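Student: Please take me through this model one feature at a time, and set each value against its definition before you conclude anything.

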Amino acid sequence: MTRRVAVIGGGSSGLACIKCCLDEGLEPVCFESSNDIGGLWRFKENPEPDRASIYHSVIINTSKEMMCFSDFPIPAHYPNYMHNSLIMDYFRMFGDHFQLTKHIRFNTKVLQVKQRSDFSRSGQWDVETEGKDGEKEKHIFDAVMICIGHHCHPNLPLHDFPGIDTFKGEFFHSRDYKTPEEWRNKKVVVIGIGNSGGDLAVELSRVTKQLYLSTRRGSWILNRVGHNGLPLDMFFNRQLKAVQSVLPFNLLCGLAESQLNRRFDHTLYNLKPKHRLFSQHPTVNDELPNRILSGTVQVKPNIRRFQGSSVEFDDGSVVEDVDLVVFATGYRFSFPFLASQVVSVSENKASLYKYVFPPELDRPTLAIIGLVQPLGAIMPISEMQARWATRVFKGCIKLPSVASMLKDVQCKQETMAKRYVSSQRHTIQVDYITYMDEIAELVGVRPSLLRLLLTDPRLGLNVMLGPCTPYQYRLRGPGKWAGARQAIFTQWERVAQPMQTRPCDDPKPQRWLKWPLILAAAAVGSAAYLNRNNLPAFLQDPTALFDKIKGYLPAQ
C-alpha cells in the first residue's frame, strides 16, 4: 500500500518535497493556505497574516546556477540574479514539468498535526485542515513534511525602544513595506542592516529627503558581482572549502575582510562591526556604498529613545521631524499546529537532527524542511533534505540512535555559539557546501572526487575546481539524473548568455605586424647598445644613428 505524506506549504520547499515523494513512490498531499504556489517569493500588495511577504523590487541574492533544483536548470536566457516575478515563473515551470500542482490543495489551512494513539507502532499522524469556506476535515497520514519557512512571523521588538509609544510618525515591520513612492521627500529611519534593511535603505533613499540607517553592530557588505563581473557565489567551490578548513579562523577572516575593504573601507563608511566576517550572516548589497558616498544614506548607531517626532541615537545625535521608521528586525519561527512536545521552539531554537528530524520521536515520520539559514540558496538545500527525508520514510535509510542524534544537535549548537555573534538570527546557520555534502553522504549522492578524477577527469576537475552547483548531487546514487554531467559542462554558458545582448566586436591586433615590430625593436636595441658611447652625440644629432638602424631593418 502506498504511503501517504502530508506536505504543509506550497513554496519552494514544498514543491521540492512533492517531487521527492513522487520520485520515491510516495503519495504526497500538499496543503497550501493561499491560492497559489511560491511562498515567500509570491508578491502580494497586501500582506497576509502568518504568511511571508516581500516588497515589489526584491531580487534574489543567489545566482540562478546555484539556486536551481538539481535536475531542472533555470533557462539560459534568464538573468543570473532574478527578480521575484522570474523566480515565480521558474517555480511554475518546475511544477508544470513534473506535474506537481495537481497534488496541492489550495486555500487549505492546517489547524493541527498530532500523533495517532498507535504512533509508536504505526508512525502515523492525524492532520486537521480547514478549507476556504470554513469546512474542517480530518486526515490520516503516514508521514508529514513541514515546509512553512522562517519568514512568517515578524520580530518587532518595540520594548527595546523607549518612547516608541510617543512617536508621532508611522512605523512598521519591513514585511509591510511594498514600494517607496509615498515616502517621497520624507525623513525615514531604517532599523537593522540585514539584507532587507540594506535593500530598503537603498530603495527609499532615492526618493526620501534623508534616509538614516540605524545599526547596533554594523555589518560586512558583500557584493553580488564577483571577480571579472561574474556572480559571487559561482566562486564557492570545493577548493575554497578545502582552504577554509585548514586556515585558522582569524586568518581566514582577515584575508576575506581585506578583500571587502578593497571595494570600500568599512571603517570609513561607519559599517565595520566588532565581530569577524564569518561570525555573522553577511549582508549582500551592491548599492549601499554608493548611497552612503552620495549622502542619501547616513549610517547611525542604535536608537536610544523616541520623543514625539524626534529620534535620539546612542551617540547623542538627534534627528527631528522623522516621518517613518521601518523595523528590519528579522523574524521568529514557530509551528502553531504542532504540540510543543513534538518540536519545541524557544528564542528561534529548535532541537532537530541535522535541522530536519525531531530526535526523540518513536518513529522518524516527521521532517522539517527548509529551516536553515545558509550563506547561499535555500532551494537546493531543501531539495536535498527532502531527498533524505523521503528515503527515511521508506525505510531505505535508518537514523542513528536517539543519543547519537542528540549529541549531533548539541555539537552543532555549541559550534554555532562559538562562531557566531549571539542573536536570534544565528540559530539555524549552515555553510552551504559543508551541509549539502553532509546530507548527500547520508543519501548516497555525494560526488566522489577521486573516482571522478580517475574515470572522467574533465568532469572531476569541474566538480573539484568549479562552482558547487546542485547538479553535482545528481551524478550518482538514488535520483541520478542523466543530464547532470552536461548541465555541469554548460553552466558557464548559461551564466554568460543573458548578458550577450549586443554584438561586441573588439578590434583584433593585426598579426602581420607582430614580427616586423619585434625585429624593429631588436634592431633599435642593438643599435643603441653598439653606440652606447656616442649617446651625447646622438642627443645632439640623432639622424646619424637612425641611418645606421635602417641597415638592420628587413627590406621592404
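Student: Which elements do the buried residues of α5 pack against?
Tutor: They pack against β10 (187-191), β11 (210-214), β13 (283-284), α8 (288-293), β14 (297-300) and β18 (324-327), where contact means heavy atoms within 4.5 Å. This is a predicted model, in which local features need pLDDT of at least 70 and side-chain atom pairs count only at pLDDT 80 or more, whereas totals for chains, interfaces and linings use all residues. Residues are numbered from 1 along each chain as its sequence is written, and side-chain values use heavy atoms, with hydrogens and water left out.

Student: What makes α5 a mostly covered helix?
Tutor: Of the 11 residues in α5 (residues 195-205), 10 are buried, a term that means under 20% relative accessible area, with exposed meaning over 50% and partly exposed the range in between (1.4 Å probe, protein chains only). The buried residues are N195, G197, G198, D199, L200, A201, V202, E203, L204 and S205. Over the protein chain, buried residues make up 50% of the 556 residues.

Student: How many helices and strands does the chain have, and what counts as one?
Tutor: The secondary structure comes to 18 helices and 24 strands, these being DSSP runs numbered from the N terminus, of H or I over at least four residues for helices and of E over at least two for strands.

Student: Why is α9 called roughly parallel to α11?
Tutor: The axes of α9 and α11 (residues 432-443) cross at roughly 20° and come within 9 Å. Because angles under 35 degrees count as roughly parallel (over 145 as roughly antiparallel, 65 to 115 as roughly perpendicular, the rest as oblique), α9 is roughly parallel to α11. The axes are lines fitted to C-alpha atoms, for helices over the stretch in contact, and angles run from 0 to 180 degrees between N-to-C directions.

Student: Which residues make the contact of α9 with α11, and what is their make-up by class?
Tutor: From α9 come P380, I381, M384, Q385, R387, W388 and R391, and from α11 come Y432, Y435, M436, I439, A440, L442 and V443. By class, the contact has 11 nonpolar, 1 polar and 2 charged residues, where Ala, Val, Leu, Ile, Met, Phe, Trp, Tyr, Cys and Pro count as nonpolar, Asp, Glu, Lys and Arg as charged, and the others, Gly among them, as polar.

Student: At what angle do α1 and α9 pack, and how far apart are their axes?
Tutor: Helix α1 (residues 12-23) and helix α9 (residues 379-394) pack at an angle of about 35°, with their axes 9 Å apart. The contact is made by S12, S13, A16, C17, C20 and C21 of α1 together with M379, S382, E383, A386, R387 and T390 of α9, and by class has 6 nonpolar, 4 polar and 2 charged residues.

Student: Are C20 and C411 buried or partly exposed?
Tutor: C20 has 4% relative accessibility and so counts as buried, whereas C411, at 44%, counts as partly exposed.

Student: What makes N228 an exposed residue, and where is it found?
Tutor: N228 counts as exposed because its relative accessibility is 80%, and it is found in the loop between β12 (221-222) and α6 (238-246). Its phi is near 60°, a positive value in a residue other than glycine.

Student: Why does P289 count as buried, and which residues is it in contact with?
Tutor: P289, which lies in helix α8, is buried because its relative accessible area is 6%. Leaving aside neighbours within four places in sequence, P289 is in contact with R263, F264 and Y269. P289 and R263 are 26 residues apart in sequence and 9.2 Å apart in space, C-alpha to C-alpha.
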